[in-house]
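Colleague: I would like to go through this model with you, strand pairing and charged contacts in turn. Please put it up.

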Amino acid sequence: MSSNLSGATSASTATFVTALVFNAAVFGIELGIFTLVRPFFPAIYQPRTYVPPKSRRAAELTKNFVLWPWAVFKADYHDIRTKVGMDAYFFVRFLRMMARILLPIWLVSWVILLPITAVRSDNTGRTGLDRFTFGNVPANQQPRYAAHLILTWFFTIWIWWNIRHEMKHFVTTRQRWLIEPDNSSSAMASTILITGVPRNYLSESAIRNLFSHLPGGVRKVWLNRDLKEMPDLYERRLNAAKKLESAETTLLNTAVKLHNKKLKAEAKAAKKGRRVSTDTANNDGRPLTDPSIIDVEQGDVSLAEKLVPKNKRPTHRLPPFSWMPFSLPLMGKKVDSIEWARQELAETNKALREARRTLARDVAATSNLPEPGTNHPDALKADAGTSQTYPPLNSAFVLFNKQIAAHMAAQVLTHHLPYRMAGKNVGVAPEDVIWGNLNMNPYEARVRTAIGWAITIGLIIVWAIPVAFIGIVSNVHSLCETYSWLAWLCHLPPVIVGIISGILPPALLAVLNMLLPIVLRLLSRFEGTTQRTTIELSLMTRYFLFQVINSFLVVTLSSGIIAALPDLVNNPGSIPSLLASRLPQASNFFLTYIILQGLSGTASGFLQVVPLVLYYVKLFILGSTPRSIYGIKYTLRSVSWGTLFPSITLLVVITVAYSIISPIINGLSFVTFFLFYQMYKYLFIWQLDGQKTGETGGLFFPRAIQHLFVGMYLQQICLAALFFLARDQNKNASAVPEGALMIVLIAFTAFFHIIINNSYGPLTQYLPLTLAEMTHGGKDANVAAATQELDDAASYKEAKSSDVEKRSVRKRTGGSGSVDLSSGKAKDTTTVEDVSGSPATESPKTGVPAVERADDVEEGEANDQESSIRGVDEDAGPKDFYHPASVEPQPVIWIPRDPLGLGEAEERAIRAAGIRVSTRDAVMDAKGHVDIEGPPPESDRD
């Protein structure tokens with residue numbers, strides 16, 4: 001949903017009616033088109049009925065294509081929590097809450113406030129919608145403001161009750177989610193990320209002993225290390241794998257097309273009367289002129305060379321300089337893409353194997369260092385003769401045996417010096433980690449934070465200039481009437497004036513607003529943020545500030561002041577009364593914005609024109625390899641919470657702030673939030689997905705509640721100012737008591753705000769002790785199984801090896817050994833090399849495969865027995881929290897089978913080069929089109 005005001009124009013009553021009719025027409029047309037096309041595009045309109053695992057799939061929307069609105073209305077939004085995620089559930093719950101809040105506010109305000117402001121107020125000179133605003137109360141009828149005051153108190157108390165109700169539900173639901181077996185039994189739920197670790201604690205044994213006082217103790221410690229060249233090697237290998245898949249698929253496509261061209265030429269020759277023998281075809285359908293696979297392989301020429309001339313093979317240029325991340329046209333060495341990618345994969349695989357052996361030695365060296373504080377003279381002191389190649393950084397992941405211990409560790413005061421080990425995050429998903437920020441000095445991080453917020457505030461100020469320009473040009477007629485040097489604007493054709501005031505500035509601002517979230521995310525990363533979800537939470541706050549200040553306050557003030565500008569110039573002494581009467585008129589600007597979002601925005605959300613077009617454009621342009629086709633067809637779209645939530649809470653602030661000043665907005669906003677509730681319920685049940693690795697458990701919801709408080713504060717401050725500025729027919733202050741009572745309401749709202757934060761704030765993040773036993777000692781069989789998996793040493797043996805792997809959120813491959821919990825020693829360990837890329841071998845002690853191989857994937861790498869190192873760490877367990885460069889295996893090269901058999905021949909050639917490859921579930925038809933019949937070969941099947 002667009003978060004800018006590009007579709008709204010500050011308007012008179014006629015413009016409002018025009019906007020209403022136009023957006024209603026768009027609403028009807030788009031929903032009509034959606035009704036017609038929905039059954040024919042399930043990949044766009046209901047992919048969740050077949051893409052996710054069966055346990056998370058949705059039922060078909062409806063077989064009756066006309067009754068889909070009733071099906072959406074009857075759908076249970078609670079299904080979102082279990083099938084999509086907590087963040088999506090609480091987002092939809094927030095929309096539902098706002099619809100519930102606005103329903104009585106709409107009805108009461110229209111019944112009471114509209115007559116009070118409009119009846120017998122003809123002497124104010126206002127017409128149309130301006131008759132229903134706060135400033136339309138006649139000077140001789142000032143006691144009417146008592147109704148505004150009473151309803152403000154009533155509406156505020158009603159909002160308070162809803163906030164408390166929803167926060168209680170949030171805390172209860174989040175705590176239930178924390179102790180659910182699916183969540184609490186995962187390694188992620190019992191792991192914390194610690195930053196700012198001092199040097200004397202940079203060993204596995206030191207950290208393990210430090211946290212041994214917590215219940216259950218520590219099961220495993222991952223020290224983050226300076227991997228130096230390994231991440232670059234890892235990226236090179238990923239890029240080479242992508243290049244090889246693309247080049248091989250292009251080669252197959254070229255071969256098929258050349259073969260088809262040859263067949264057409266033979267057919268054309270036959271039509272011209274040339275005699276074609278009836279024995280021109282082999283049993284496999286190929287002409288005798290085409291060599292069979294066996295013939296080719298017996299000769300010196302490969303099938304690829306026979307089918308595709310050398311000048312037709314895929315090629316690319318290397319960057320002209322080694323430090324350049326990309327190549328340039330007509331510059332750099334031109335290489336054969338397939339040969340280059342195979343060589344690059346072989347080199348990076350070899351380099352990573354050697355680096356991982358070295359890393360295993362470093363880990364083994366630090367695992368047994370003596371504890372800090374002992375009399376050992378060399379405790380935690382680097383020796384020049386045994387210096388580590390990959391030294392530890394000042395951060396670590398700590399996996400506890402009990403979930404409650406992780407939550408306790410995240411809250412406890414860990415170190416006796418400032419900022420040491422102060423940054424602790426619980427429930428961190430490996431894919432959510434920003435590995436480059438794991439070694440930042442705590443003092444440097446705080447300096448960077450101050451700089452980041454200073455830049456943010458500066459951007460807010462700078463951004464106010466173009467936004468204020470929009471508010472000014474929306475009243476271009478007032479400008480040309482006030483200033484003679486702008487009088488020429490009034491003489492321009494209406495179409496030109498409409499373009500200048502309504503299209504050009506919002507279009508430019510829309511481009512700026514597209515860049516704004518990118519800049520704000522970069523600022524958050526610059527500050528040393530260690531998680532991507534934390535960046536989104538930070539973006540939510542920063543972007544909301546931008547929206548409120550620039551899209552609401554600046555537009556309100558600029559539009560209201562410009563509307564009153566002619567009178568202000570002629571009579572400066574009337575500023576208070578003019579502002580009191582003119583500022584409410586700025587609400588017309590937001591009425592059209594609410595209509596735009598509620599009607600056009602909702603209909604566009606259902607129709608999804610852009611995703612529909614992009615889906616087929618991507619398939620046509622980017623869908624060349626099996627993996628890219630799988631990504632387009634079977635990857636569900638997701639949302640960016642850092643920008644979606646502020647765009648919604650901006651509407652909340654606008655509505656609450658104007659609910660008394662311009663009560664017309666209440667009905668429009670209720671319809672908007674009700675439609676949003678239905679739309680996003682449909683989207684999350686049938687279209688969108690929530691990423692488990694980016695799941696916060698609903699932590700965006702409490703921040704959205706804080707945004708609701710901002711709307712209440714703005715409403716009450718504006719009303720207090722308007723009450724104090726109100727004047728009777730004698731130009732005397734006429735609503736001072738109302739203004740004073742608004743000050744009292746502001747104080748009460750602040751007190752309620754503090755109470756809510758103090759009472760529910762500590763409960764939003766961590767698991768309380770009272771619920772600890774429900775995780776590990778409950779009667780539920782799943783809970784008991786999770787406890788057994790975490791605490792029972794038998795769960796690491798061969799009979800339970802599959803259960804151990806289920807605890808790995810990333811499903812990384814890795815050996816499992818038996819662990820003696822009483823001593824904390826591992827009975828068997830595996831090397832980094834074993835879990836990252838070597839063929840599957842068995843541990844001599846447990847018989848557990850060291851590498852979990854995908855079905856039907858043949859491993860091309862030879863068994864490497866050179867390294868005798870047996871252990872990345874002294875504890876066995878999942879390999880989730882190692883850097884991907886240190887444990888991830890080489891991606892399986894996925895190429896399709898083709899009618900000519902070239903795909904199988906290339907598969908054998910690639911495997912002979914020691915590279916993992918598969919043609920499973922990928923086919924290329926006789927026209928060179930690629931399609932897939934299943935997931936990538938390294939993926940887990942349902």
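Colleague: Which residue in strand 5 does Thr191 stand opposite?

Modeller: This is a predicted model, in which local features need pLDDT of at least 70 and side-chain atom pairs count only at pLDDT 80 or more, while totals for chains, interfaces and linings use all residues. Residues are numbered from 1 along each chain as its sequence is written, and side-chain values use heavy atoms, with hydrogens and water left out. Strands (E, at least two residues) and helices (H or I, at least four) are DSSP runs numbered from the N terminus, and two strands pair if DSSP finds at least two bridges between them. Strand 1 and strand 5 pair in the antiparallel sense over 5 bridges, and the residue opposite Thr191 in strand 5 is Leu399.

Colleague: Which strands stand at the edges of the open sheet?

Modeller: The open sheet has 4 strands in the order 2-5-1-6, with antiparallel pairing. Each edge strand has a single partner strand, so one side of each is left without a neighbour in the sheet; the two are strand 2 (218-225) and strand 6 (423-426).

Colleague: How many of the residues of strand 1 are buried?

Modeller: Buried means under 20% relative accessible area, exposed over 50%, and partly exposed in between, with a 1.4 Å probe and protein chains only. Thr191, Leu193 and Thr195 point one way from strand 1, Ile192 and Ile194 the other way, and all are buried. Strand 1 is therefore largely enclosed by the rest of the structure, the count of buried residues being 5 of the 5.

Colleague: At about what angle does helix 13 run to strand 6?

Modeller: Contact means heavy atoms within 4.5 Å. Axes are lines fitted to C-alpha atoms, for helices over the stretch in contact, and angles run from 0 to 180 degrees between N-to-C directions. Helix 13 (residues 403-411) lies across strand 1, strand 5 (392-400) and strand 6, and its angle to strand 6 is about 155 degrees.

Colleague: Is Glu248 buried or exposed?

Modeller: Arg342, its salt-bridge partner, is buried. Glu248 is likewise buried.

Colleague: Which residue meets Glu938 in a salt bridge?

Modeller: Glu938 counts as partly exposed, at 34% relative accessibility. The N to O distance in its salt bridge is 2.7 Å, and the partner is Arg627.

Colleague: What is the N to O distance between Lys633 and Asp931?

Modeller: Lys633 counts as partly exposed at 24% relative accessibility, and Asp931 does at 34%. Their side chains meet in a salt bridge, N to O, at 3.3 Å.

Definitions and conventions. Salt bridge = Lys/Arg side-chain N within 4 Å of Asp/Glu carboxyl O.
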